[in-house]
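Please examine the sequence and the structure before reading on.

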Amino acid sequence: MFEIFSFELLQQYWWLIVSILAGLLVFLLFVQGGQTLLYTIAKDETERSMLVNSLGRKWEFTFTTLVVFGGAFFASFPLFYASSFGGAYWLWTIILFSFIIQAVSYEYRSKPNNFLGKRTYEVFLFINGLVGTFALGVVVATFFTGNGFYLTQMNSVRWDNSLRGIESLFCVRNLSLGAAIFFLSRTLGILYFMNNIQDDPILKRSRKHLLINAVPFVVFFLVFLVWTLLSSGFAVDPHSGTVFMEKYKYLNNFIEMPIVAVFFVVGVLMTLWGMTRNMVCSAKPEKGIWWSGIGVILVVVMLFLVAGYNNTAFYPSVSNLQSSLTIYNSSSSKYTLVVMSYVSLLVPFVFAYIWFAWKALNRKKIDRAEMEGDEHMY
Amino acid sequence: MIEQVDLSLVNWSRAQFALTAMYHWIFVPLTLGLSFMIAMMETKYVKSGNEEWKRITKFWMKLFGINFAIGVATGIILEFEFGTNWSNYSWFVGDIFGAPLAIEGIMAFFLESTFIAVMFFGWNKVSKKFHLVSTWLVAFGASLSALWILIANGWMQYPAGMHFNPDTARNEMISFLDVFLSPLAINKFLHTIFSAYTISAIFIIGVSAWFLIKKREIMFAKKSMLVAGIFGLVSSMYLVATGDGSAYNVAQHQPAKLAAMEGMYHGQERAGLVVLGVLKPGYEIGSEESPYYFKFEIPQLLSFLGYRNVDAFVPGINDLVEGNEQYQLLSADEKIMRGKVAIATLKEYKDAKESGDVLLTDSLREYFDENTPQGKEFLDEYFSYFGYGFLNDPKDIIPNVPMTFYSFHIMVGLGFYFVLFFMIILFFTWKNVIDRKKLILRLAILTMPLGFIASQAGWIVSEVGRQPWVVQDYLPTIAAVTHIDASAVQLTFFLFAALFTALLIAEVTIMIKQIKKGPNEGGQ
């Protein structure tokens, strides 16, 4: 079936899959956002346990999605994997450390003799929530602002700056997306608590903090979006493969791909509606996460499509334009993409069983009584 | 070209990857094996309705959870490090290596992470059967994950199903089945997975022995020992059988590794297998002396194990470095020269392409096309030694002999001991007298670290033994590493070492506490 697809179509198909995984990952960062709110939403140990146990049943989905996102990127666009990870060494290492300390914190936090103390593991969760989300946002922002690197004749990466990725933090546009992702994850975390926990004090405080986090998210996201739309972007000549700067490239991409623009706007509206309805409406607070979650997935997928489709370099080099990566010059071979495309047919099946298991576990919301039960606890 | 880099960077990058992999492999074997034994115990509970089996299941599940978390934490680092520290590798073979990693994520990681939540939190939320299926799916997912990553590793040891594309300057997959069904990869998976099952069984037996020595939870301990004893005996027997397959594959595809495993400098027909020996330190390649202070060997067995022929010639390190005309072995010097020709031809091709010289480009491209006469010759006679072109000293093709030799013998010796150990444990458990055999119980506790030592030694044989190659014959470590200051890798090495050590201490102290609490409290 996939054999009859052209190489270009397969490259576009895989960019779409990577984009969808990115969208899912950003949605699932609600776990990280929630981790930064343990001492904000909860006022005592029982409440904190409720938050941790609520998030603890989902943290592996986020973690796994991050790993699969990386694996899919590696398999489909290995030159990106080699260039970005090998180049922006310190930025990726910081992200990595933040996720390592998360992975043990849920299981070890409340166990006796846990060596580092309960509070340390909660600090680990906070660090992961802050650094992981912020740094991932900065990495994605560089898809639009670029990095300083060049590729040798044999496609080996040379990074210009000895800070190896840390220099991305000196760009305000990158920081604005980092901050937007951070506040978005907190907002989604709050919406998730409202969905998953049955407790009036937590619900009341969640509603209050929803506004406090949603507003900065919107502001930072708008700064990044408007700035990006009004900036020059990294265009590619489809015939020669030459990369050049084009005014309003990303705005043009939206205009030239109207379906992407429509889904983007729908995504933005759904995201905002999910937040707004949970702020103003007390009925069915569990609905907000789904509106905003699906909205976020749509927005992120469309942003990725704008970064990679329509003759655009998705990982641009500001110091050597012709070293910029496009979905056409950085992908795996056609054969590998065909093989991987067959594997991608499993994805709907994976979604189905995740949904089934999620529903089975979420039939009953987390409450105070459960914290005193004999179930496995974090 | 992929320029040469300083050795300290390569060594620190290797050290960091080895550190991560070795810590990872402390935890992963328990995840792989415990998950299956827990599933068996829960099956017993669901079939019999006996609450004692549920209590047993929940206790081991608790220990599984503590261990699983840190396995996940160290696992993600390896995936990142392929990019951060081995970026040239990621491009050079990413077209082949990336696929198993992605498939692992899609097929195995989601399965594990989804159903592990049901396994831990679903006792009172889903039906007994749904819970049991979830536990089995976690076990299946864990082993499926191992399958894909070990296929990737097996491919690095014996690259197959690929060709070189000079335009992209990388190897590209042409047959997924050749990668997936590579005999070396399949055997590697089986050998590794059975080693993990063996370690887990030793772990359960050791902990159960502690309860019996303390005269606590007698029934719980005996039942656990029975499950682990049977599981361990079967696994250890398969472990030995697949070990034979491993040796055979090494002989076929990695002769330098085999020579290092046996400390064999002088090749010979009807070669014996060294069962026990002590190597002379600082032994020089090319020396005519014996490399051993003493050795005890079984005559002709190495020839038979490596080539299924007792008369077969097994090349030694000297033959591989200096060449052996009688057995048509090229010298390392010759291979290095041919590799440099391959690299120079590729550079010439890239230069011609960049300068727009179409005629020269077209004529050079034929060297990389196996369907042309000059291409067939070039690919067979020169390009198959591509990786050697990055080396400068013929001795570079030989791995660290003492480390490989001793690791191999420790692994093999312990492997046979484990079979005997499980037989003894099962015999006394079957006779229902195990709780009275204090010496055996103490032996069971002392055997716990031996499982980990054997397994780590096995990985040293596999990975140190294949040096200098990341991808056998095609890419040495020196050409695979990321261009970065060695000081950056040094710093991350120590950061990782500190973090891993802290987490390991946390894991061990938590686990000891949970074991001491026992199944009544620990199972909650």
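Are α6(A) and α2(B) roughly parallel or roughly perpendicular to each other? The model considered here is predicted, with local features requiring pLDDT of at least 70 and side-chain atom pairs counting only at pLDDT 80 or more, whereas totals for chains, interfaces and linings use all residues. Residues are numbered from 1 along each chain as its sequence is written, and chains are lettered from A and ligands numbered from 1 in the order in which they are written.

**Two helices at the interface**

Helices (H or I, at least four residues) and strands (E, at least two) are DSSP runs, numbered from the N terminus. Helix α6 (residues 78-87) of chain A packs against α2(B) at an angle of about 95 degrees, and their axes are 7 Å apart. Such axes are lines fitted to C-alpha atoms, for helices over the stretch in contact, with angles from 0 to 180 degrees between N-to-C directions. Angles of 65 to 115 degrees count as roughly perpendicular, under 35 as roughly parallel, over 145 as roughly antiparallel and the rest as oblique. The two helices, α6(A) and α2(B), are therefore roughly perpendicular to each other.

Two residues are in contact if their C-beta atoms, placed from the backbone, lie within 7 Å. The residues of the two helices that meet are listed below.

| Helix | Residues that meet the other helix |
|---|---|
| α6(A) | Tyr81(A), Ala82(A), Phe85(A), Gly86(A) |
| α2(B) | Phe80(B), Gly83(B), Thr84(B) |

**The side of chain B that touches chain A**

In total, 65 residues of chain B are in contact with 61 residues of chain A. Elements giving two or more residues to this side of chain B include α2 (51-84), α3 (87-92) and α18 (486-522). The helix α4(B) gives the most, with 21 residues.

**Chain B and a buried residue**

Chain B has 18 helices and eight strands. Its C-alpha atoms fill a box of roughly 80 × 55 × 40 Å along the principal axes. Of its 524 residues, 56% count as buried, a term for residues with 20 or more other C-beta atoms within 10 Å of their own C-beta, all placed from the backbone.

Ala260(B), found in helix α9 (residues 255-262) of chain B, counts as buried because it has 29 C-beta neighbours inside 10 Å. In sequence, Ala260(B) and Phe405(B) are 145 residues apart, yet their C-alpha atoms are 5.8 Å apart in space. Leaving aside residues up to four places away in sequence, Ala260(B) touches several others, including Ile398(B), Thr404(B) and Gly465(B).

How values were computed. A residue is buried if 20 or more other C-beta atoms lie within 10 Å of its own, exposed if 12 or fewer, and partly exposed in between; C-beta atoms are placed from the backbone.
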